[in-house]
Amino acid sequence: SWRIFVLGESSVHASYYLMEEGFPAVLERRLQALAPDRDVEVINAGVGAAMSDGIAHYAFESLAFAPDLLVLYLGNNDMTHFVAMSGFQAYTPRRIALRRLLDRSRLVRVLRGLLPASVLSAARDPGPAGAFRDADGPDEDDIAFLLRLAESNAIQNIERVIRRARRQGVAVLV
């Protein structure tokens, strides 16, 4: 048998059309037609509006189910969401970059695990003005910076998934 997890954003999830028309369902039908003597199981692990960090998390969880293959289709949301976030007062391009850097730091993850939930909640609160759109918005240089940052974020997450999957003997198709 073949067990395949397809991971990605709304385009994988089939958020905007019927599930049976989505990529994972079509893949399952085509593979079953090509190998009628095999049991083919394609799991749709797409999540609408997810960014590559979340998709990597789901990919790591899917490895517990002994897949033969992970199919990754991601990055679109990183490219759009990083720029969209910068339109809010609480999320300047530099704050987004700093947050990404801190999220990747093992030391910060350890410290975060030691802090009480009330402190973490207060740290995440952007304040009363944070939820408002910035009247100026990002300029062209900020957008270019954020797009490079988003691309780097998606690539790093893809590489993380590939490394962990290979350690478990699971193939990855990007």
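What percentage of the 174 residues of the protein count as buried? In this predicted model, the share of buried residues is 33%.

**Overall build**

The protein contains eight helices and four strands. Their order along the sequence is β-α-α-β-α-β-α-α-α-α-α-β, so a strand stands at each end of the pattern by definition of the runs used here. Along the principal axes, the C-alpha atoms occupy a box of roughly 60 × 35 × 25 Å. Contacts between residues at least 6 apart in sequence were also sorted by separation: 79% of them join residues at least 24 apart.

The table collects values for the whole protein.

| Property of the protein | Value |
|---|---|
| Accessible surface | about 10,700 Å² |
| Part of the accessible surface belonging to carbon and sulfur atoms | 58% |
| Positive charges | 20 charges |
| Negative charges | 21 charges |
| Distance between the mean positions of the positive and negative charges | 8 Å |

**A nonpolar patch on the surface**

Four residues, Leu-107, Val-110, Leu-111 and Leu-114, make up a nonpolar patch on the surface. Together they have about 420 Å² of accessible area. One of them, Leu-107, lies in helix H6, which covers residues 106–114.

Is Leu-107 buried or exposed? Leu-107 has a relative accessible area of 58%. The cut-off for exposed is over 50%, and Leu-107 therefore counts as exposed.

Notes
Residues are numbered from 1 along each chain as its sequence is written. This is a predicted model: local features need pLDDT of at least 70, side-chain atom pairs count only at pLDDT 80 or more; totals for chains, interfaces and linings use all residues. Side-chain values use heavy atoms; hydrogens and water are left out. Patches are made of residues with over 30% relative accessible area and no salt bridge: like charges are joined within 9 Å, nonpolar side chains (Val, Leu, Ile, Met, Phe, Trp, Tyr) within 5 Å. Accessible areas come from the Shrake-Rupley method with a 1.4 Å probe; for residues, only the protein chains shown count as cover. A salt bridge is a side-chain nitrogen of Lys or Arg within 4 Å of a carboxyl oxygen of Asp or Glu. Helices (H or I, at least four residues) and strands (E, at least two) are DSSP runs, numbered from the N terminus. Buried means under 20% relative accessible area, exposed over 50%, partly exposed in between (1.4 Å probe, protein chains only). Contact means heavy atoms within 4.5 Å. Lys and Arg count as positive and Asp and Glu as negative; His and the chain ends are not counted. The place of a charge is taken as NZ of Lys, CZ of Arg, CG of Asp or CD of Glu.
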